[in-house]
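Here is a short briefing on how parts of this fold pack together. Please keep the sequence and the model in view while reading.

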Amino acid sequence: PGHVFEMNNQAKHAVSNCGDDHRVHLILDYVDQDFRIRRRIPVQPGERVLQTRRSIDLLRDRGTRKTPSYLILGAQKAGTTSLYEYIVQHPLVVRARRRETHCLDWRWNATLKTTKKRREHCLRFFYAQELEFHPSCLTGDSTPSYLLDSRRVIPRIKEVFPWPELRFFVILRDPVKRAQSHYAMVTSSDGTPEQLKTRGDEWRQMSFNEVIRKDLETMQSFGLVPYFNIETGEVDNEVFESFVGSKEENQAYDRFMTNIPLGTGSHSLLARGLYELQLRPWLKAFKRESFLLLRLEQMKEVGVQTTMERVWTHLGLPPFTMENDAARNTRDYQTMTEETRAYLESFYEPHNQRMAKLFGDEEPPWKYS
């Protein structure tokens, strides 16, 4: 059939060899004159090139990018599903086999005795073997329970995903609204049997206020919030300032995380909104530049595209224009009473101030008065 030389500008096409003889099919992509080539790949004579519709890699670069390249750690009900769906729109990003792998918490296989076996188990949740040949592509995970469960997850990351180029995303939301959304999700009857089982049924017969009180009582039983008066909804600022960031608080947090049931989503309604407390061990365990912290409210203010430009930079990816910026995994829920809102704002306000100090901001990310 002879050789084929094709001029192409990203047009979809299919090629048939039309026989048993080998032939060359050379595609010459052309671009506009002002197009800036961001990456040139020098090829040696006889060298093998691996090409997909989204990438070009040299065989000698096989395995130079580790899987996964990023983890979305949380927070739950703060936009993690939307962030993941935005990231995987980039042509050089490949989905994991499932969005929330949970391979580092409740799908962790404790029966495996070696690091090699435990890493192989975790990599089953990604297209790791396929991506080994295409290091210009990357993949990642979005499991929002990781942020809270640092006691277990951090040492497991250091064991099975120890590469320094691993990037982390944390997206946060007004903790009062986050708690309301969390309760609505867990008590909803919508969803698959697997989803309903994962959410748990502990809160199904409890009101929002009852779950709030239960979570506060649980935290107090482990000495985690000694500064908060459950009955009056007031914070003792003197106790707060001496306790938060102390050795005693770290020990209380460890007791809390060791004893709460982690098998379903029906736990830690308010604890998941203590963002500074949750971030502290992560920022101690990994370099600050490995993290990109986002706020859901800010994403809405500046736009998804502007936010994703920061995301592409954090991942070392070329710019890409979003095709779908619709929010994902949203739901309607009942209006919170003003009394309950004021109660939660009183609880969270000093913690929001701690977030401002952590990042050197003059104002807290969420202000209530």
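Helix 2 packs its buried residues against helix 4 (150–160). This is a predicted model. The points below start with that helix and then turn to the core, the strands and one glycine.

**Helix 2**
- Helix 2 spans residues 115–123, and its buried residues are R118, H121 and C122.
- Viewed down the axis of helix 2, these buried residues fall within an arc of 95°, so they line one face of the helix.

**Nonpolar core**
- The largest nonpolar core holds 97 residues.
- L104 and W282 have the most contacts inside that core.
- L104 touches C122 of the chain, and its other contacts include L71, Y146, V153, R156, I157, V160 and F161.

**Strand 5 and its partners**
- Strand 5 covers residues 70–74. Five of its five residues are buried, so strand 5 is largely enclosed by the rest of the structure.
- Strand 5 runs parallel to strand 7, and three bridges join them.
- Strand 5 also runs parallel to strand 8 (residues 167–172), with four bridges between them.
- Y70 has G140 as its bridge partner in strand 7. In strand 8, Y70 stands opposite R167.

**G140**
- G140 lies in strand 7, which spans residues 138–142.
- G140 has a relative accessible area of 0%, so it counts as buried, the cut-off being under 20%.
- Leaving out residues up to four places away in sequence, G140 touches P68, Y70, Y84, V94, A96 and F126.
- P68 is 72 residues from G140 in sequence, yet their C-alpha atoms are 4.9 Å apart.

How values were computed. Residues are numbered from 1 along each chain as its sequence is written. This is a predicted model: local features need pLDDT of at least 70, side-chain atom pairs count only at pLDDT 80 or more; totals for chains, interfaces and linings use all residues. Side-chain values use heavy atoms; hydrogens and water are left out. Helices (H or I, at least four residues) and strands (E, at least two) are DSSP runs, numbered from the N terminus. Buried means under 20% relative accessible area, exposed over 50%, partly exposed in between (1.4 Å probe, protein chains only). Contact means heavy atoms within 4.5 Å. A nonpolar core is a set of buried Ala, Val, Leu, Ile, Met, Phe, Trp, Tyr and Cys residues joined through side-chain atoms within 4.5 Å. The arc is that of the directions from the helix axis to the C-beta atoms. Two strands pair if DSSP finds at least two bridges between them.
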